[in-house]
Amino acid sequence: MIVNCLIKRVDVYRDYKLLIDFNIDFEQFSMDLNIVWIAA
């Protein structure tokens with residue numbers, strides 16, 4: 001159900017090539033992400 005809200009459309013072409021149209025763009029997705037980098 002969550003995936004249904006995130007993805008608007010999926011097109012499948014020959015040789016299993018996919019075109020996925022999302023309902024959100026990367027800026028909306030990454031707006032509230034806290035990314036922590038851990039150096040090993």
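Reader: To begin, with which side chain does the side chain of Asp11 make a polar contact?

Author: The partner is the side chain of Arg9, at 3.0 Å. A polar contact is a pair of N or O atoms within 3.5 Å; within protein, one must be able to donate a hydrogen and the other to accept it, and residues adjacent in sequence count only if both atoms are side-chain atoms. Please note that this is a predicted model, in which local features need pLDDT of at least 70 and side-chain atom pairs count only at pLDDT 80 or more, while totals for chains, interfaces and linings use all residues. Residues are numbered from 1 along each chain as its sequence is written, and side-chain values use heavy atoms, with hydrogens and water left out.

Reader: How many salt bridges does the structure hold?

Author: There is one salt bridge, a term for a side-chain nitrogen of Lys or Arg within 4 Å of a carboxyl oxygen of Asp or Glu. Asp11 forms a salt bridge with Arg9, with 3.0 Å between the closest N and O atoms. Side chains of opposite charge can pair when their charged atoms come close.

Reader: Is Asp11 buried or exposed?

Author: Asp11 counts as buried because its relative accessibility is 17%; buried means under 20% relative accessible area, exposed over 50%, and partly exposed in between (1.4 Å probe, protein chains only). Arg9, at 51%, counts as exposed.

Reader: Where is Asp11 found, and what stands opposite?

Author: Asp11 is found in strand S1, residues 7-12, and stands opposite Leu19 in S2. Strands (E, at least two residues) and helices (H or I, at least four) are DSSP runs, numbered from the N terminus.

Reader: In what sense do S1 and S2 pair?

Author: S1 and S2 (residues 18-22) pair in the antiparallel sense over five bridges; pairing requires that DSSP find at least two bridges between two strands. Their hairpin has five residues between the strands, and Asp15 there takes a positive phi near 60°.

Reader: Which element gives the largest share?

Author: S2 does, with three residues.

Reader: And how exposed is Val10?

Author: Val10, in strand S1, is partly exposed, with a relative accessible area of 45%.
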